[in-house]
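Hello,

Here is the structure for your files. My notes on it follow below.

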Amino acid sequence: MRSIPIATACAIYHKFFCEIDLDAYDPYLVAMSSLYLAGKVEEQHLRTRDIINVSNRYFHPDSEPLELDSRFWELRDSIVQCELLVLRVLRFQVSFQHPHKYLLHYLVSLKNWLNRYSWQRSPVSITAWALLRDSYHGGLCLRFQAQHIAVAVLHLALQAYGVEVPAEAEAEKPWWQVFSEDLTKPIIDNIVSDLIQIYTMDTEIP
């Protein structure tokens, strides 16, 4: 799957469990249905058979693809029924504005501001994309504006490698406010804090 359909699938999943208790439905079934639905929303259609086989391989790494038997058709029907449930719970609001296009624009702008040597010697771009991808492990995408998330992951990537934006000290406003006028430092700090919490959570998963 491309980045945007994956992001949409994650957003659908997190939004569903903001409305419904986690114990009420099988989270793995909801995840499969979220992937299936996101493929439709973002026009990268996925076959239910592929989703089922990938999920089955996740739980049973040494298994062969499932035969088209009664178990397969039961799983397929469950995904379709769960998809309808997700749509009803989310009131058919399954389109999201993602930070990806903003991050791409900000990276291009920042590359033109920075010294070419500083940009080439540090993987700011790769790190920012990785941070954005990992942010979807939690519900960041639902709590903050897309532009703010894009700036925050870029801010964290620059900090991680000690890269400074030229003439920032003399500027009338910080570089990140040039990209998003309504953004404040506390918002950036909250996003970064939530992102770090996601990594902490991931390390605690057995």
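Over residues 7-94 the chain is 68% helix and 0% strand, with the end C-alpha atoms 12 Å apart; helices (H or I, at least four residues) and strands (E, at least two) are DSSP runs, numbered from the N terminus. An unreviewed UniProt entry places "domain: Cyclin N-terminal" at those residues, and such annotations may be inferred rather than shown by experiment.

This is a predicted model, in which local features need pLDDT of at least 70 and side-chain atom pairs pLDDT 80 or more, while totals for chains, interfaces and linings use all residues. Residues are numbered from 1 along each chain as its sequence is written, and side-chain values use heavy atoms, without hydrogens or water.

Val-165 sits in the loop between α9 and α10 and is buried at 9% relative accessibility (buried is under 20% relative accessible area, exposed over 50%, partly exposed in between; 1.4 Å probe, protein chains only). Beyond its neighbours within four places in sequence, Val-165 is in contact (heavy atoms within 4.5 Å) with Leu-110, Trp-113, Leu-114, Leu-158 and Trp-175.

Tyr-58, in helix α3 (residues 48-59), is exposed, with a relative accessible area of 62%.

Regards
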